[in-house]
Amino acid sequence: MTRDPVPDPTGDELLAVLAALGNPHRLRIVAALSEGGRNYVSRLARELRIGRPLLHMHLQRLEAAGLVTGTLELSEGGKAMKYYEVTPFSCVLTPDLVAKAARTITDQEKETVKESAE
């Protein structure tokens, strides 16, 4: 059985992934979920020794980039628990991929980059 090749990311998608991974906390979160598997927020916060509000912010950024997926589940006691797991991903950066992606950056993303440079 063969799989269809994964399409190259657009410029906006590539920027979102690179920005999401451009933080040491988020790299540690992806590593913890990759190595330890699916985990809920409170336990993950304890394991990484990071506050839950800060962890939530980083998880939202990773989820927006498509690198992790969160699901809300009820425990046996009826408590809502948010579980996260790594979404399988692969990206090989080459100069050609970057050039191709750069041509597809939207005007909105160009403005965001321009504002952050100022």
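Contact here means heavy atoms within 4.5 Å. By this criterion, Leu44 touches Ile29, Ala32, Leu33, Asn39, Leu55 and Leu59, not counting residues up to four places away in sequence. The model is predicted, so local features need pLDDT of at least 70 and side-chain atom pairs count only at pLDDT 80 or more, while totals for chains, interfaces and linings use all residues. Residues are numbered from 1 along each chain as its sequence is written, and side-chain values use heavy atoms, with hydrogens and water left out.

Leu44 also belongs to the nonpolar core. Such a core is a set of buried Ala, Val, Leu, Ile, Met, Phe, Trp, Tyr and Cys residues joined through side-chain atoms within 4.5 Å. Buried means under 20% relative accessible area (1.4 Å probe, protein chains only). The largest core has 17 residues. Ile29, Leu44, Leu55, Leu59 and Leu62 have the most contacts inside it. Two or more residues come from each of helix H1 (11–21), helix H2 (24–36), helix H3 (41–48) and helix H4 (52–64). H3 gives the largest share, four residues. Helices (H or I, at least four residues) and strands (E, at least two) are DSSP runs, numbered from the N terminus. In soluble globular proteins, nonpolar side chains tend to be buried together.

The axes of H3 and H4 come within 10 Å and cross at roughly 105°. Axes are lines fitted to C-alpha atoms, for helices over the stretch in contact, and angles run from 0 to 180 degrees between N-to-C directions. The two helices are therefore roughly perpendicular (65 to 115 degrees). Val41, Ser42, Leu44, Ala45 and Leu48 in H3 meet Arg52, Leu55, His56 and Leu59 in H4. By class, this contact has six nonpolar, two polar and one charged residues. Ala, Val, Leu, Ile, Met, Phe, Trp, Tyr, Cys and Pro count as nonpolar, Asp, Glu, Lys and Arg as charged, and the others, Gly among them, as polar.

The strands form an open sheet of three, in the order S1-S3-S2, with antiparallel pairing. Strand S1 (39–40) and S2 stand at the edges, each with a single partner strand, so one side of each is left without a neighbour in the sheet. Strands pair if DSSP finds at least two bridges between them. Two bridges join S1 to S3, and Asn39 stands opposite Tyr84 in S3. H2 packs on the sheet, touching S1, S2 and S3, and its direction makes about 90° with that of S3.

Seven bridges join S2 (residues 68–74) to S3 (residues 80–86). Glu73 has Met81 in S3 as its bridge partner. S2 and S3 form a hairpin with five residues between them. In the turn, Gly78 has a positive phi of about 90°.

Technical notes
Buried means under 20% relative accessible area, exposed over 50%, partly exposed in between (1.4 Å probe, protein chains only). Angles under 35 degrees count as roughly parallel, over 145 as roughly antiparallel, 65 to 115 as roughly perpendicular and the rest as oblique.
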